[in-house]
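Here are my notes for you on this model. Have it open beside you and go through the points one at a time.

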Amino acid sequence: MAIQIPSRQLFIDGEWRVPALKKRIPVINPATEETIGDIPAATAEDVQLAVDAARRALTRNKGKDWASASGAVRAKYLRAIAAKITEKKSELAKLESIDCGKPLDEAAWDMDDVAGCFEYFADLAEGLDAKQKAPVSLPMENFKCYVLKEPIGVVGLITPWNYPLLMATWKVAPALAAGCTAILKPSELASVTCLELAEVCREVGLPPGVLNILTGLGPEAGAPLASHPNVDKIAFTGSTMTGSKIMTAAAQMVKPVTLELGGKSPIIVFEDVDLDKAAEWTIFGCFWTNGQICSATSRLIVHESIAAEFLDKLAKWTKNIKISDPLEEGCRLGPVVSGGQYEKVLKLISTAKSEGATIVCGGVRPEHQKKGFFVEPTIITDINTSMQIWREEVFGPVLCVKTFATEDEAIELANDTHYGLAGAVISKDLERCDRVSKALQAGIVWVNCSQPCFCQAPWGGNKRSGFGRELGEWGLDNYLSVKQITQYVSNEPWGWYQSPSKL
């Protein structure tokens, strides 16, 4: 039976609102290329309504309803949201699969992570109460000082299509835990589950305006949100090019931004590995989520002494991956998200081939998939480091391979990139793993694995992969402002100026 996409409107001030211009955007199932529904298209007029609603929610009852309520009050709502997500897990996972093309098993895993993330930040919200008025040690006894952590205000959250609900949650959960009010603008390529989050918020009675959700195109909805004078901060996950535009818009008002941008992450495989274990982590690190991961370890740097044997293993593992409709049992690779992305990935592979690279396997549409935006998982060798395929983020199931002779050469190859999101090292020599981990210029390093992610650990990159950290306590700090309170506690006058009464 066909899965029905619920027909939703924009979610503003706790209510469904028809967009001002009444425009809608078709939802296309990337596995079938069929239009399966539509989503509302917000414009600047709707952004204004949402920002006004968020501002009212922030200041309502002098902030006592949300911003300056106890963390325990906010935690209650976050836990209620987590429980509803768990209750609707099966339905949400199916909607995610048909919207963005990820295998159903992955989408179900994502929903568990969504619920876990809301639970985790509920705990941190409660913990905030105990951390308020943290004393600061001063060198003068006649002063006392403490620190308050306050919500930064109204925040704009702009999120990508590869993990539609999970990436939204990475921002929404800490923002709400901190006491901020928010406007979420998910990617127009996959917004369906984010609109279902709005329905969850309505069902649990989240106070109106605390979270507003606007679907729509980047230039029409994202840009007015990023540049809005009454939005106090922007948090963005997406391409480096768009991140640069958002940073430029925010700079006009000296507005803080957190940016989690692109990547071209390395995975270094040394000669002492178990070949099968290393092969599975290598393909998982690049082909999971259909290769559409900002942190994908898509540059394999393998020791020359095992390269031929390892490549043979990789090809065998890759050819064993089940490519199918994401809802089919056992699917491990679905379509990329859209026709535009499909054309981009195939063009990058074709360019690499024309520049002299060798396609070991994949690089084409699977023969058994006549429709849908499917690309076979692809391994490319005979690369030189100036090639586009080695330097640019593909955001598809494409792994590039180079060999190395020494540890120093491997590190140099790994760090020779504008990006710095993640990296992985695979070796039985843990001292070597430690050395390489320290040497990699990246915000995240995995040892003997690739891609595990936990909401307790910080996530973010260096260089053109952005700045700021999400998740963990660092993720909560993103949405908090630190205020110093210093008090003069002596009974003696300050005595800097001569008192007129003593003249």
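**Notes on the pockets, the sheet and the rest**

1. Let's start with the largest pocket: α7 (218-226), β10 (233-237), α8 (240-251) and α11 (339-354) each supply at least two residues of its lining. Helices here are DSSP runs of H or I with at least four residues, strands are runs of E with at least two, and both are numbered from the N terminus. The top contributor to this lining is α8, with six residues.

2. Before going on, keep in mind that this is a predicted model: local features need pLDDT of at least 70, side-chain atom pairs count only at pLDDT 80 or more, and totals for chains, interfaces and linings use all residues. Residues are numbered from 1 along each chain as its sequence is written, and side-chain values use heavy atoms, with hydrogens and water left out.

3. Back to the largest pocket, whose volume is about 1,000 Å³. It has 35 lining residues, and W161, F236, G238, S239 and T242 lie nearest its centre. The lining splits into 16 nonpolar, twelve polar and seven charged residues. (Ala, Val, Leu, Ile, Met, Phe, Trp, Tyr, Cys and Pro count as nonpolar, Asp, Glu, Lys and Arg as charged, and the others, Gly among them, as polar.)

4. What do "pocket" and "cavity" mean here? On a 1 Å grid over the protein atoms alone, a cavity is a set of points where a 1.4 Å probe fits but cannot get out, while a pocket is an open set with protein on both sides within 12 Å along at least five of seven lines; lining residues have an atom within 4 Å of a point. Grid points are joined across faces, edges and corners, and a volume is the space filled by probe spheres set on the points.

5. The second largest pocket holds about 430 Å³. Of its 25 lining residues, D113, W288, Q451, C453 and F454 lie nearest the centre. The largest share of this lining, five residues, comes from α4. By class, you'll find 17 nonpolar, five polar and three charged residues there.

6. Now the cavities: there are three of 30 Å³ or more. The largest has about 80 Å³ of space, and P266, Y419, G420, A422 and Q441 are the closest to its centre among 14 lining residues. Both α13 (407-415) and β17 (419-420) give two or more residues to that lining.

7. Have a look at the open sheet of seven strands, which runs β14-β15-β16-β13-β12-β18-β19 with mixed pairing. β14 (358-361) and β19 (444-447) are at the edges with a single partner strand each, so one side of each has no neighbour in the sheet. Inside it, β15 (residues 378-381) and β16 (residues 398-404) pair in the parallel sense over three bridges, and I380 has C400 in β16 as its bridge partner. (Two strands pair if DSSP finds at least two bridges between them.)

8. I28 stands opposite T35 in β4. The two strands make a hairpin with four residues between them, and E33 in the turn has a positive phi of about 65°.
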